[in-house]
Amino acid sequence: MPTALVKDCLPTPCPYMVVIINSSLAPGIVPTSFKMASVTPILKKPGLDPDDLQNHRPISNLPFLNRVPQGSVLGPLMFTIYMLPLGQIIRHHGFNFHCYADDTQLYLSTTPSSQLPPQSLINCLHDIKTWMSSNYLNLNSN
């Protein structure tokens, strides 16, 4: 499926995909059919030796996503949609933030005499950890 078509049509199937994914996450069971993929080896760069397996990238076609390849625009978009509530939590606590891929950075300014970390940051991180835990995600506390 062409990436542009997926991007244009995503608002229609997205709620259904979220229901499918969440229904498998809630009980902690992933249906067997979701665990299987058709894997196609693709050369990483033109001109590489096709007989050397290290020169190939595996592309997985997943049946429940209508065979959209891994590495397409769909994966990052689904992750972004899944993570939208995180921004709401951070904004609720009055912080600015920046997201890139699966990394989120919070920004705050303080005065030299401020208590560090501020209680508002502690509260925000607590709410983030609670949300992530309830959505089967782990917070890297480093």
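This is a predicted model: local features need pLDDT of at least 70, side-chain atom pairs count only at pLDDT 80 or more; totals for chains, interfaces and linings use all residues.

Modeller: Let's start with the largest nonpolar core, which has ten residues: Met-83, Leu-86, Ile-89, Ile-90, Phe-95, Leu-121, Cys-124, Ile-128, Trp-131 and Met-132. Residues are numbered from 1 along each chain as its sequence is written, and side-chain values use heavy atoms, leaving out hydrogens and water.

Biologist: What makes a set of residues a nonpolar core?

Modeller: Its members are buried Ala, Val, Leu, Ile, Met, Phe, Trp, Tyr and Cys residues joined through side-chain atoms within 4.5 Å. Buried means under 20% relative accessible area, exposed means over 50%, and partly exposed is in between (1.4 Å probe, protein chains only). In the whole protein, buried residues are 19% of the 142 residues.

Biologist: Which residues does Leu-86 contact beyond its neighbours within four places in sequence?

Modeller: Those are Thr-104, Ile-128 and Trp-131. Contact here means heavy atoms within 4.5 Å. Across the protein, 38% of the contacts with a separation of 6 or more are between residues 24 or more positions apart.

Biologist: How many helices and strands are there?

Modeller: The protein has five helices and four strands, in the order α-α-α-β-β-α-β-β-α along the sequence. They are DSSP runs numbered from the N terminus: helices are H or I with at least four residues, strands are E with at least two.

Biologist: Why is Asn-55 called buried?

Modeller: Its relative accessibility is 14%, so Asn-55 falls on the buried side of the cut-off. Asn-55 sits in the loop between strand E1 (38-43) and strand E2 (56-61). Not counting residues up to four places away, Asn-55 touches Ile-42, Leu-43, Lys-44, Leu-48 and Asp-49.

Biologist: And what makes His-56 count as buried?

Modeller: His-56 has 17% relative accessibility, so that label applies here too. This residue is in strand E2. Again leaving out neighbours up to four places away, the contacts of His-56 are Pro-41, Ile-42, Leu-43, Lys-44 and Pro-50.

Biologist: How do you know whether Gln-105 is buried, exposed or partly exposed?

Modeller: Gln-105 has a relative accessible area of 37%, so it lands in the in-between class, partly exposed. Gln-105 is in strand E4 (residues 103-107). Its side chain makes a polar contact with the side chain of Tyr-107, at 3.1 Å.

Biologist: Why does that pair qualify as a polar contact?

Modeller: A polar contact is a pair of N or O atoms within 3.5 Å; within protein, one must be able to donate a hydrogen and the other to accept it, and residues adjacent in sequence count only if both atoms are side-chain atoms. The 3.1 Å between Gln-105 and Tyr-107 is inside that limit, so the label holds.

Biologist: What does Ser-134 do with the backbone oxygen of Trp-131?

Modeller: A polar atom of the Ser-134 side chain lies 2.9 Å from that oxygen. Ser-134 lies in helix H5. The C-alpha atoms of Ser-134 and Ala-26 are 9.6 Å from each other, though 108 residues separate them along the chain.

Biologist: Why is Cys-14 called buried?

Modeller: Cys-14 is at 9% relative accessibility, so it goes in the buried class. Cys-14 is in helix H2 (residues 14-25).

Biologist: What kind of peptide bond joins Leu-116 and Pro-117?

Modeller: That bond is cis, with omega about -5 degrees. Pro-117 is in the loop between E4 and H5. As a general rule, most peptide bonds are trans.
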